[in-house]
Amino acid sequence: MFNQFCKLTFVVTLFFLNSVAAQDSLRVERFSEIFKRVQKMMGKKGSSLEHLTVVYRQLSEYADVDTATFNNVSQQRFDYNLSERMRYVKSRSKEYLFQQALVSMAILENEYKDNSAIKDLAIKTKNTVRKTLLKNIKESRVDYTIEPAFSYYTLGKKPSEFAFFNSPGTDFMFSLAGYKTFNLQPKEKKSNRQGYTYSQAGLKIDYFNGMLIPQLSALFTQTSGIDIGYAFNFSNSQEGVPDVNFYSINIAAYYPIDFLSIGVNARLLSDFSDNHYLHYGLTLKYNLKIGNKITAQELSKIENDIDNINFTPLK
């Protein structure tokens, strides 16, 4: 009887140990599987932090399988979570979604009061908001522009001999223009960023290949322009071009990029006799915008908007 009891005890114990070992093996396998999912999610930008939290909680149920590894991945998750939240603030700022950026920033500042990276990001975010709101006001009241430009032009060729990719040479052109703006209109608003477009009329002076060319100049919606003037030929070095002055007409198409514009130009020089020459080139110009200064009331409102995270039109 006693021997039978011992045999039964041995069998039960062996079964129990096998069950525990099998269960431990399943826990190790499950830990490894979930751990890989967490690592994969943190291995790329833009993973859902909510989904990551759910998977991480599943992993925490098996933390005792490998405490050191779990503690390490916990720190990685903390760092990833913080970096993604900071990246969200930066992306909202770039997209001019300032309310979302500032609300998220305020939450981060409250959670990480002593984190220097968070403090730096808060300063940068508020500066971005401030600069954009100031720019909105400045561009809404542009009265004048001053536009220095740098161009790369072909030398002149007679229209009867003109071929676009065949010219007698190239030279640099330097320009300075001053304009009065008119018909200022708001463009489609991009979140909290409001751009404007306008037309211009004024004076422009070009210096090209020994010629000084004062002109009357007009630009329409900052994209298409025409210049009409007179070229004083002081020292034109192009072979075959007579030493005479020319009337000048230049047409241009520009693509404005904030304070810069990139353009293509074509110019006809003529003395209304036997001498006519075509030029074409590329232009890069700087748009210096001038208007009424921002008032103390407007500055105060911008600071209040940033502090209260509430962007409303100035009344």
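Reply: We take the helix pairs, then the spaces.

Reply: This is a predicted model, where local features need pLDDT of at least 70, side-chain atom pairs count only at pLDDT 80 or more, and totals for chains, interfaces and linings use all residues. Residues are numbered from 1 along each chain as its sequence is written, and side-chain values use heavy atoms, with hydrogens and water left out.

Me: At what angle do H2 and H3 pack?

Reply: Helices (H or I, at least four residues) and strands (E, at least two) are DSSP runs, numbered from the N terminus. Axes are lines fitted to C-alpha atoms, for helices over the stretch in contact, and angles run from 0 to 180 degrees between N-to-C directions. Here helix H2 (residues 49-60) packs with helix H3 (residues 67-94) at about 170°, and the axes are 12 Å apart. So H2 is roughly antiparallel to H3. The scale is this: under 35 degrees is roughly parallel, over 145 roughly antiparallel, 65 to 115 roughly perpendicular, and the rest oblique.

Me: Which residues of H2 and H3 meet?

Reply: Contact means heavy atoms within 4.5 Å. From H2 come Leu49, Leu52, Thr53, Tyr56, Leu59 and Ser60. They meet residues of H3 including Phe70, Val73, Tyr80 and Arg85. For classes, Ala, Val, Leu, Ile, Met, Phe, Trp, Tyr, Cys and Pro count as nonpolar, Asp, Glu, Lys and Arg as charged, and the others, Gly among them, as polar. The contact of H2 with H3 has seven nonpolar, four polar and three charged residues.

Me: How do H3 and H4 cross, left-handed or right-handed?

Reply: A crossing is left-handed if the near helix is turned anticlockwise from the far one by less than a right angle, and right-handed if clockwise. The axes of H3 and helix H4 (residues 98-111) come within 8 Å and cross at roughly 150°. H3 is therefore roughly antiparallel to H4. Their crossing is left-handed. Among the residues that meet are Met86 and Val89 in H3, with Ala101 and Met105 in H4. This contact divides into nine nonpolar, three polar and three charged residues.

Me: At what angle do H5 and H6 cross?

Reply: Helix H5 (residues 116-139) and helix H6 (residues 296-308) cross at roughly 140°, and their axes come within 10 Å. H5 and H6 are therefore oblique to each other. The crossing is right-handed. Leu133 and Ile137 of H5 are among the contact residues, as are Leu299 and Ile302 of H6. By class, there are seven nonpolar, no polar and four charged residues.

Me: How many cavities are there?

Reply: Rolling a probe the size of a water molecule over the atoms shows where empty space is left. On a 1 Å grid over the protein atoms alone, a cavity is a set of points where a 1.4 Å probe fits but cannot get out, and a pocket is an open set with protein on both sides within 12 Å along at least five of seven lines; lining residues have an atom within 4 Å of a point. The search finds three cavities of 30 Å³ or more. The largest cavity has a volume of about 130 Å³. Tyr179, Lys204, Asp227, Tyr254 and Lys285 are the closest to its centre, out of 19 lining residues. E2 gives the largest share, four residues.

Me: What is the volume of the largest pocket?

Reply: Grid points are joined across faces, edges and corners, and a volume is the space filled by probe spheres set on the points. The largest pocket holds about 490 Å³. H5 supplies the largest share of its lining, seven residues.
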